[in-house]
Each structure stands twice: as structure tokens, then as C-alpha cells.
Amino acid sequence: MKQKVIGLIDGQSGNIGSINKAIKEIIKGRPYQLKIIRGEFDYSLFNKIILPGQGAYTTLISNLKKLKIYKPLKTYLENNCSYLGICVGMQILSDHGYEEKTTRGLGIIAGEIKKFKSKKLIIPHMGWNSIRLNKEDPIITNNFDNKDFYFVHSYIFQNIKKSNVLANTHYGKKFPSIVKKGNIYGVQFHPEKSHKYGLNLIKNYILKS
Amino acid sequence: MLKTRIIPCLDVIKNKVVKGVNFKNIKVMGNAVEMARYYSLSGADELCMLDINASYQNRKTFIKTVEAIAKVINIPLTVGGGVSVLSDITDLLNAGADKVSINSAAVKNPKLIRQASLKHGSQCIVVAIDGKRHENKMKVVVKGGREMTKKELIVWAKQVQSLGAGEILMTSMDTDGVQNGFDSSMLKKVTSNVSIPVIASGGVGNLEHFYLGHLTKSTGLLAASVFHSGKYKIQSVKKYLKKKGVPVRL
């Protein structure tokens, strides 16, 4: 049986240790192999790509360009190939990010990334918060509804089509915490830091989606 | 709704969790990796570990301990103690820490906060502040409370926020180790003057103390002895808080 290949992109945006460990545990004894992507790659060799990210939108985009990951990743996504973006790895799917400066994103899921607005809120939104499911999906079965995941971010996905939102979270106001278009997923929280439900989500993404 | 975080704190020398007052009568509480694993499984929302004797010799073992802990837990890990230059932060993040806390070094060289947050992102830079009352003023102290600085607590708290800290770990040296409860007035003063998350530290002795800590608008509540001694389990603290109407992750 031919092994499926999972690519884990190291965009030098935070540590990939936890997610690397989580993927290895999940695929142990299963027909998958994991490859770390640190530079230009042949996108046709990968069945799934995961991109975790922390910090700034602008930094991640410029890192991906510097590392020559940007172009093959964009082509991969434009072909609707399977992807899971975590935190900033999700945010860069949008058209634009408005952080220190405006940065053009991958333009895969229409919308933009803007800062939480309310002055009363403690920012960053840091800690465990629950998700409410918009619809069912192989990566989030019913029992994920109302479960807590670990968030740490100051920016949220805005002006996104409702049909692209799988789950919302409430902090000051409702914002998208899981997005999806075709085979492309993005989560605003860190499943690799979110204990058992987080690991289940990664497992579902790898094995069921 | 955002949940209040319950954070056990491990004071570590090499690979052992210890309890001691001013480095005297140090008592080993257990193996750091085993305790971290236990807390992660039993419902801690985050873990904090501090190298309380960051000498050159001990440091290598401590970093190995961070690596070993990062491998066995799947909740966020904050690591501090002995962080003095930018490369210390990079080393700890590479070892698997999600956040690094800076204390004395930030007081000595506030630019370090900006450099660190620009390099790694605010979300992983925690500034630990030790506060103490002195002549009716709240001041910043360093070196485990042994050295008073000229900095006023609130001025410093605001400054670390504007320098790019993602979070403040606030310990009151007036209540730390006494188990009479958090320093509510100090914490309220800090939370009402900054808009980044504040973790309350120092003084928990019973369940009500956790609730009073929550009332200070601190979003994280840190404790050591009550957990290490087995007096309370994480879940029993959370169940108590839930009954009191505090949002927690159960």
C-alpha cells in the first residue's frame, strides 16, 4: 500500500515541536509518512500539508517567500489540495492582513485579518475558549461543540463568507475559529496545545478528511 | 467564553521540583517531568516552570528537562528563571517552551522585552514582575524580593505592556509563600492599568483564595504548594470555581 505523505511546513514562525510530536503519534503504525518542509518543494508529492504559525502575519508571509515555500504552497492551495493552517497559518489564507502594515495574503479564502476592536477586551485573547459548530464536518464531530481549545491571538478573520465558517468562538464578539473551503482548513486556536480535543481534531484531519 | 486558567508552577533545580525559602531548607517535591505529566493529564490549563538556581552547571540539565516536559504534555508551557539575554529566550523556545518569562533582566534592560517580542512575537513573551510595598508605594523588587528597585510597580507594568510583553506574571512579595491569599489590592491595581492578560501569583492557601484571585480580573491563577502537597487537585479547584460562577475548563 502506498504511503500518504504529510508535509509539515516550518515557516520559522514559532516552534513546530508540539505539532510534529502530535502528528508522529497519530501516524505511528499507519500508512503515512511525515516530511518537514523547510524550503522549495514539489507540491505534487504531498497528500496533506500542515502549517502552524505564531506571531505576525507579515513575518510569516515574508518568511515563506524567503524560504521559497510561498509559490509552491499557493499552487498547492489553488488546486484545492488538503491543508490545515493553524493560527497565523490559517490567517494567511485570507486576502489581506492588517498588522503593522497591510500585507497581501494567499487569497484562498475571501476575507481579511484585523485586530480585535473593543477597548474593554484584554488583548491578546489568551487561554481556553469554547467553539460553537456552524455545521458538521469530518474533522469536528458533534462532540466538539462547546469544547474548549487554547487560543492566543490579537487578530481575527473578518468579512468572511458564512459558508466558509465551520465554527465560531465568542470573545467580545463572535469570530470564526474554524474555517474551511473545499479541502482547505484553518483553525485560529492551537490544537497541538489543546489537550485531547485538540489532538482529536488533528487526528480527524489526518485520518478522516 | 474565555476560561480562567489554573496554572501549577514548578520551581525547578536541574530536573527536580523543589520548595524552599530563599534557597534555604530546600526540599525536593518530586521529579519535574513526572509532575508536569501528571498536571497536564489532570486538567491544568497551562504549566509554568522556573529555573530557580540557573547556574551554568545546572542550566544544561534544566534545558534537557524543558525538552523532556515539552514531549509529554499538550498544554502551553511557560518557562522562566535565569533569562538574561535574547539567546536564552531562543534556547528555551527551541527546547519546547511556548512562552518565556523574563524578570530581573527586563528591569535591568527594558529593551530586551522589545527585542524579544519583535523576534519571537508578543504572544510568547511574559514579563514576570515581583511587587512589594515600601513607604506606602508599590515598588518593583528583583532577585526573589531581596533587592528593591526605584521602579514604581504600575509605571513598570504599563511600560512592559508598551514594550511588547504579551502577558504579565504578577507576584506580590508581600503575600508570596504565606498562603493567606493573593494580594488582591496589588493585582487589581495592575489589571486596571494594563490591557494584556495578568497571571496572579503568590499566596494561595485555600479554595476561596482562587475565587478572590479571579475577582481581581487576573485571567490566570498560579499556585504551587497547594497542588504539590496534594492539598487540592486541579479539578477540585475548578469545580469549586464553577460553583461560584467562574468560567473554567472542566
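Two residues count as in contact when their C-beta atoms, placed from the backbone, lie within 7 Å. All of the views below are taken from a predicted model.

**View 1. The contact between chain A and chain B, seen from the side of chain A.** By that criterion the contact takes 26 residues from chain A and 24 residues from chain B. On the side of chain A that touches chain B, the elements giving two or more residues are helix H1 (17-27), strand E8 (125-130), strand E10 (148-153), strand E12 (165-171) and helix H5 (195-208) of chain A. The largest share of this side, six residues, is supplied by E8(A).

View 2. Eight strands of chain A are arranged in the order E2-E1-E3-E4-E14-E13-E12-E9, forming an open sheet in which the pairing is mixed.

View 3. Together with H1(A), the strands E1(A) and E2(A) make a right-handed β-α-β unit. E1(A) also runs parallel to strand E3 (residues 48-53) of chain A, to which three bridges join it; here A:Gly7 has A:Ile49 as its bridge partner in E3(A), while A:Leu8 stands opposite A:Ile50 in E3(A).

**View 4. The buried side of helix H5 in chain B.** Within helix H5 (residues 111-120) of chain B, the buried residues are B:Leu112, B:Ile113, B:Ala116, B:Ser117 and B:His120. Because these residues cover an arc of only 125° around the axis, they lie on the same side of H5(B). As a rule, an α-helix has 3.6 residues a turn, so residues three or four places apart point the same way. The cover over the buried residues of H5(B) includes helix H3 (86-95), strand E6 (99-102), helix H4 (104-108), strand E7 (125-134) and helix H6 (153-162) of chain B. After H5(B) comes B:Gly121, which has a positive phi, near 95°.

**View 5. Strand E7 of chain B and the strands that pair with it.** Eight of the 10 residues of E7(B) are buried, and E7(B) is therefore largely enclosed by the rest of the structure. E6(B) and E7(B) run parallel and are joined by three bridges, with B:Val100 standing opposite B:Ile125 in E7(B). A parallel pairing over six bridges also links E7(B) with strand E10 (residues 167-172) of chain B, in which B:Glu167 is the bridge partner of B:Val126.

**View 6. The hairpin of strands E7 and E8 in chain B.** E7(B) and strand E8 (residues 137-142) of chain B run antiparallel and are joined by five bridges, and B:Arg133 has B:Met138 in E8(B) as its bridge partner. The two strands E7(B) and E8(B) form a hairpin with two residues between them, and B:Glu135 in the turn has a positive phi of about 50°.

Key: Residues are numbered from 1 along each chain as its sequence is written. Chains are lettered from A and ligands numbered from 1 in the order in which they are written. This is a predicted model: local features need pLDDT of at least 70, side-chain atom pairs count only at pLDDT 80 or more; totals for chains, interfaces and linings use all residues. A residue is buried if 20 or more other C-beta atoms lie within 10 Å of its own, exposed if 12 or fewer, and partly exposed in between; C-beta atoms are placed from the backbone. Helices (H or I, at least four residues) and strands (E, at least two) are DSSP runs, numbered from the N terminus. The arc is that of the directions from the helix axis to the C-beta atoms. Two strands pair if DSSP finds at least two bridges between them. A crossover is right-handed if, with the strands pointing away from the viewer, the path from the first strand over the helix to the second runs clockwise.
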